[in-house]
Amino acid sequence: MPSASLRLAVVGAGAAGLVAARELRREGHAPVVFERAAAVGGTWLYTPPATSSDPLGAAATHSSLYASLRTNLPRETMGFLDFPFAAGAAGSRDPRRFPGHEEVLRYLEAFARRFDLLRLVRFETEVLSVRREDGGRWAVTSRKLGDKGSGEEEFYDAVVVCNGHYTEPRLAVIPGVDAWPGKQMHSHNYRVPEPFLDQVVIIIGASASAVDISRDIASMAEEVHIADRSAPASTCNKQPGYDNLWLHSMVNYLL
């Protein structure tokens with residue numbers, strides 16, 4: 001026998017939230033999706049450069065996308081089984097196997113339209129708290145962005161949390177960094193290279209975003225230096241194809 005229909009809350013309308021809502025409704029349940037942004041897409045919803053009083057924090061924006069970002073996975077491994085992420089599909093404009101982030105967003109938007117998910121989403125609505133009640137149900141408190149009240153409390157049989165893990169910047173612990181007078185920014189808030197014109201830039205970390213952003217900034221900056229904790233001590237290697245980009249061992253302290 002089919003299970004009884006449940007009232008379910010889904011937090012986030014990115015890729016995970018959209019497919020969760022689709023599958024839950026297929027099973028006969030009634031999902032409600034809460035999304036802080038004004039559109040679906042989650043981390044794939046690009047926001048332009050924002051002026052923030054805390055460029056190391058997450059307050060200015062939800063997404064970590066920068067303008068030049070492309071996928072580092074082939075598109076055919078990123079799609080849902082019954083809705084392929086195929087070049088040439090309706091709405092597709094970027095046929096590359098590793099497309100730009102705009103193509104991923106178009107795919108997610110098409111998925112939401114194809115399975116009639118948009119009507120399930122409460123846009124520009126933030127979840128303030130989720131609390132388990134004694135009877136096993138969940139109390140979810142939410143409010144529209146811009147409202148100053150305590151929010152509206154509703155009760156659900158279950159909650160699916162799909163808000164991602166790319167919204168809270170992780171900062172390196174480096175002695176002296178708090179007193180260092182130079183400009184500091186986390187990659188979460190990086191968008192375009194133009195603000196770094198003719199500057200000398202140090203990038204802490206050498207993972208995927210550091211590789212992308214260092215080369216992006218090198219098109220504008222005077223010098224770009226990447227500090228890699230896995231590089232041997234005293235490393236100082238100019239990167240192939242660049243006259244102003246070097247890889248170094250990790251910074252020990254700042255003055």
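Author: Let's look at the hairpin of strand 4 and strand 5, where Gly 136 takes a positive phi near 100 degrees. Five residues lie between the two strands here. Strand 4 covers residues 125–132, strand 5 covers residues 138–144, and they pair in the antiparallel sense over seven bridges. "Strand" here means a DSSP run of E with at least two residues, while a helix is a run of H or I with at least four, all numbered from the N terminus. Two strands pair if DSSP finds at least two bridges between them. Across this pairing, Arg 131 stands opposite Ala 139 in strand 5.

Keep in mind that this is a predicted model, where local features need pLDDT of at least 70, side-chain atom pairs count only at pLDDT 80 or more, and totals for chains, interfaces and linings use all residues. Residues are numbered from 1 along each chain as its sequence is written, and side-chain values use heavy atoms, with hydrogens and water left out.

Now for the wider setting. The chain is divided into domain 1 (7–161) and domain 2 (193–248), with bounds that come from an automatic or database domain assignment. Their centres, taken over C-alpha atoms, are 32 Å apart.

How about the cysteines? Cys 162 counts as buried because its relative accessibility is 17%, whereas Cys 236, at 49%, counts as partly exposed. (Buried means under 20% relative accessible area, exposed over 50%, partly exposed in between, using a 1.4 Å probe and protein chains only.) A search of the whole structure finds zero disulfides, a disulfide being a pair of cysteine sulfur atoms within 2.5 Å.
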